Amino acid sequence: MERIMVGAAIGDCVHVAGLLNFFKLAEAEGYKTVFLGAAVPVEKLVGAAVEADAEAIAVSYRLDPGAAQSLFGVLRRELETNGLCDRLLLFGGTPPVAEEATASEIFTKVFSGREDVDEVIAYLRGGASAAAQVHYARNLVDRIEQKSPYPLIRHHFGLPSVADTIAGIEAIASEEVVDVISIGPDQNAQEHFFHPEEMDPLQDGAGGVPLRSREDFCGLYQASQRGNYPLLRCYSGTTDLVAMAQLLQETINNAWAAVPLFWYNQMDGRSQRTLLEAIQENQQVMTWHGECGIPVEVNEAHHWSLRDAHDVIAVVASFLAAYNAKKAGVKDYVAQLMFNTPPMTVPVMDLAKMMAKLDLVQELACKDFTVYRQVRAGLSSFPADLDVAKGHLASSLQTAMVLSPHLVHVVGYCEAVHIARAEDVIASCRIARGVLRNVLDGLPRVDHDERLRTRRLQLVDEARYLLDRIWALGATRVEDPWSCAQILEETVRAGLMDAPHLKNSAIAQGRLQTRVIDGACQAVGTDGMPISERERVASLSFD
């Protein structure tokens with residue numbers, strides 16, 4: 001049966017742009033729309049609905065709220081007279097007029113212009129049942145599909161108090177601006193949750209929320225059960241990873257795991273695990289999530305970039321992260337793409353690096369390994385001037401939207417000054433939504449930009465060379481060097497994987513020197529001039 005929606009701007013209102021945009025969304029969801037025009041008498045609108053046997057009637061009015069009240073009274077009488085009170089009656093207008101529309105109690109749904117495209121699409125997909133509460137998907141993959149083509153919005157949140165964090169989650173969920181809240185535990189919880197006797201009380205609340213019990217996690221979950229019911233996820237900890245994974249699944253229904261491959265050990269000081277132990281345990285927790293059918297994000301590549309490793313290593317790290325996830329049996333993989341890292345990277349070179357990462361990672365995709373793209377701004381790139389930081393957040397996201405992400409990890413604009421409070425999270429996500437609203441219909445194509453194309457091809461070529469060298473390091477000893485923890489550890493000790501910030505490390509060489517040249521982070525020689533990956537590897541002098 002054909003689904004027909006009839007609509008018009010009524011009374012003396014001649015503003016129809018909003019209604020026509022609404023009709024475009026409705027048509028995409030299967031409606032046949034009949035647009036009657038501007039300044040249409042109420043009687044004509046209702047008559048057209050009768051003639052078309054319309055399922056839905058869309059009413060627009062953006063003028064005086066008092067005049068709208070009178071028009072709504074006429075509309076009520078016409079609907080009753082013509083037996084159309086059972087139809088979907090939709091209103092769109094300015095917030096003051098929308099208040100009058102709500103007060104009239106004749107409309108099935110009222111839009112005030114404050115809604116985002118995803119909210120409108122979700123309503124239209126509900127059809128005749130849309131008057132009831134929207135059902136929000138409770139797992140990542142279904143939520144992505146439900147919200148498509150709009151990406152999911154994620155934001156990190158964790159205050160130095162459990163009570164304040166719970167209250168903040170309640171506020172964020174009620175505002176319906178975030179699809180995924182990432183819980184950030186303090187370092188005591190990440191490293192010592194299962195060994196509280198090892199915690200340092202002076203560090204309680206440092207870097208996140210001091211979660212100390214199963215009940216604390218359950219409290220966070222309960223706080224999220226309102227508004228748009230955002231999914232929750234939490235970092236996987238830096239020790240006892242499988243135990244933490246089980247706890248997160250049982251308490252907050254962890255939407256997906258986030259675990260590194262090389263990090264959170266003695267190399268970065270995040271735990272006392274050796275590098276080899278960390279790689280092995282990280283692989284084990286990937287396997288656990290793969291067996292449980294839980295998506296995994298291996299937050300790996302940006303750790304190298306945050307330590308000023310050159311772009312080739314970032315591309316290789318992205319591939320190795322995805323490769324190990326697939327090897328561990330993960331079916332749904334979240335590929336994180338952190339922009340602005342290092343901060344002096346320019347947009348065209350950022351996109352070249354991210355596209356090179358995806359070129360390699362997508363080679364792994366198959367029916368049993370789906371890759372979901374997640375973009376975010378680099379934390380260290382945010383300026384301390386909060387007004388400038390808001391612009392940076394919007395600019396970075398607009399650049400990242402070229403990649404058509406499935407998820408947008410919003411970084412609070414205030415992070416260079418203070419930890420994001422609930423109101424900061426809400427404001428940052430509203431900025432992000434403003435960007436998404438403007439770019440979803442299409443951005444200019446950039447894949448023909450000669451600088452981008454050249455850099456992208458160069459990165460892919462040099463990344464393949466480094467991957468070949470890593471494979472060769474263990475090819476005579478193991479079947480699969482790219483997923484062998486011992487070989488991966490050796491790549492760090494040999495300097496194949498390295499970063500300037502690792503100088504004086506007892507594990508990594510820390511010999512790598514890099515500079516941002518022409519907007520891209522490149523390896524350089526002792527004279528400060530760029531060198532190729534082949535030249536860099538040749539200088540390492542290992543067998």
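Leu275, Leu276, Ile279, Gln280 and Gln283 in helix H11 meet Ala485, Gln486, Leu488, Glu489 and Val492 in helix H18, where contact means heavy atoms within 4.5 Å. The helices here are DSSP runs of H or I with at least four residues, numbered from the N terminus. By class, this contact of H11 with H18 has six nonpolar, three polar and one charged residues; Ala, Val, Leu, Ile, Met, Phe, Trp, Tyr, Cys and Pro count as nonpolar, Asp, Glu, Lys and Arg as charged, and the others, Gly among them, as polar.

Keep in mind that this is a predicted model, in which local features need pLDDT of at least 70 and side-chain atom pairs count only at pLDDT 80 or more, while totals for chains, interfaces and linings use all residues. Residues are numbered from 1 along each chain as its sequence is written, and side-chain values use heavy atoms, leaving out hydrogens and water.

How do the two helices lie? H11 (residues 275-292) and H18 (residues 485-494) pack at an angle of about 135°, with their axes 9 Å apart. Axes are lines fitted to C-alpha atoms over the stretch in contact, and angles run from 0 to 180 degrees between N-to-C directions. That angle makes H11 oblique to H18, because angles under 35 degrees count as roughly parallel, over 145 as roughly antiparallel, 65 to 115 as roughly perpendicular and the rest as oblique.

Now turn to H7 (residues 162-175) and H9 (residues 214-223), whose axes come within 8 Å and cross at roughly 20°. H7 is therefore roughly parallel to H9. Val162, Thr165, Ile166, Ile169, Glu170 and Ala173 of H7 make the contact with Asp216, Gly219, Leu220 and Ala223 of H9. These residues divide into six nonpolar, two polar and two charged.
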